[in-house]
Amino acid sequence: VNDRVVAPFWESSYSEPSQQTFGPPAEGVLRLTTRMSPGAVVLDLGCGDGRNALALAERGFDVEALDISEAGVAKLEALAAERGLSLEARVEDVTSFRFPRAYDLIVAHGVLHLLAREQWEAVLDRMKRSTAPGGWNVVVVFTDRLPPPLDLAPHVKGAFREGELAERYRGRGWTVELDARYTLRDEHPGGVRHVHPVNEIVARRSPESVPE
Ligand SMILES: C[S@@+](CC[C@H](N)C(=O)[O-])C[C@H]1O[C@@H](n2cnc3c(N)ncnc32)[C@H](O)[C@@H]1O
C-alpha cells in the first residue's frame, strides 16, 4: 500500500512561470475594490501564486499575502517584481498566524477547507476579530455536498457543511452581503478537471462595531 500523500496539482504549477494557476482575480474581490478607501490594508490568506494579491496591489492597496507553499510565494514575489508592484508576501502557515493588526479586507479563497475543522474554526474566529470596523471578509470554501475529486481528497481535510460558512457571519455585528452556493466545474493547468460544491460569502463588519 502506498500511503504517501501526493502534492496537490497547484504545487507544480507554482513552479512554472506560466499563467496564474487559478485564472483571473476573483470577481468577489474585484467588486469590493471600488468600495474600499485608498491605502486600505488587505490580507490574503493562502494566497497561492497571487492572482488576488496582485490585483489588489495593482489598485494601490497595502497588501500582505501568506501561503504555506514556498513555490507559490516565490512566484508571487517574481510576478510582483515584474510588474513593479509592492506587497508583502511570506511563507507562513495560516493556522499559526496571529493577525498582528486590523485589516480592511481579509480574503481566504479556496484555503479553509484544506485545514481540519477545528483549525479553520480558529482561523475564521481570528479573521473576524481582526477585521476593522466597516471592513470585509471574502471567503470561498468547498462543502461536503459532493465528494472531493480523488486527487484532492487527501488535502480537503475540513469540508464545510452547506450554509454553515454564512451562518458563522450572521448577526453579531456582521452583514452577509453575498451568500452564494454553487457547483464549480473547472480545469487547471495540466488538464486537471474538477467539480466542486462551493459556498462563497462576502461579509461586512458593522462600521459601528468596537475594534478589538
Ligand atoms: C486552491 S489554492 C488557492 C490559492 C489562491 N487563494 C487563489 O485563489 O488563487 C489553496 C492554497 O492554500 C495554501 N494553503 C494550504 N494550507 C495552508 C496553510 N495551512 N497555511 C497557508 N496556506 C495554506 C496552498 O498552498 C494553496 O496555495
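This is a predicted model: local features need pLDDT of at least 70, side-chain atom pairs count only at pLDDT 80 or more; totals for chains, interfaces and linings use all residues.
Visitor: What makes E1 and E2 a pair of strands?

Guide: Two strands pair if DSSP finds at least two bridges between them. E1 and E2 have 5 bridges, in the parallel sense, so they pair under that rule. Val-42 stands opposite Val-63 in E2.

Visitor: How do you know that E1 also pairs with E4?

Guide: The count is 4 bridges, and the two strands run parallel. At least two are needed, so E1 and E4 pair. In E4, Ile-106 is the bridge partner of Leu-43.

Visitor: What joins E4 to E5?

Guide: Strand E4 (residues 103–109) and strand E5 (residues 131–142) run parallel and are joined by 6 bridges. Val-107 stands opposite Val-138 in E5.

Visitor: In what order do the strands of the open sheet lie?

Guide: The 7 strands follow the order E3-E2-E1-E4-E5-E7-E6, with mixed pairing. Neighbouring strands are turned by 15° against each other on average, direction ignored.

Visitor: Why are E3 and E6 called edge strands?

Guide: Strand E3 (88–91) and strand E6 (174–188) each pair on one side only. They stand at the two ends of the order E3-E2-E1-E4-E5-E7-E6.

Visitor: How do you know that strand E1 is mostly covered?

Guide: A residue is buried when its relative accessible area is under 20%. In E1 (residues 41–45), 5 of 5 residues are buried. Val-41, Leu-43 and Leu-45 are on one side, Val-42 and Asp-44 on the other, and both faces are covered.

Visitor: Why is the unit of E1, helix H3 and E2 called right-handed?

Guide: The term applies if, with the strands pointing away from the viewer, the path from the first strand over the helix to the second runs clockwise. E1, H3 (residues 51–58) and E2 make a β-α-β unit of that hand.

Visitor: Where does helix H4 lie?

Guide: Helix H4 (residues 70–82) lies across strand E2 (62–67) and E3, at about 165° to E3.

Visitor: Which residues are closest to the ligand?

Guide: Of the 19 residues that surround the ligand, the closest are Tyr-14, Gly-46, Arg-51, Asp-67 and His-109.

Methods. Residues are numbered from 1 along each chain as its sequence is written. Side-chain values use heavy atoms; hydrogens and water are left out. Axes are lines fitted to C-alpha atoms, for helices over the stretch in contact, and angles run from 0 to 180 degrees between N-to-C directions. Contact means heavy atoms within 4.5 Å. Buried means under 20% relative accessible area, exposed over 50%, partly exposed in between (1.4 Å probe, protein chains only). A residue is near a molecule or strand if one of its heavy atoms lies within 4 Å of it.
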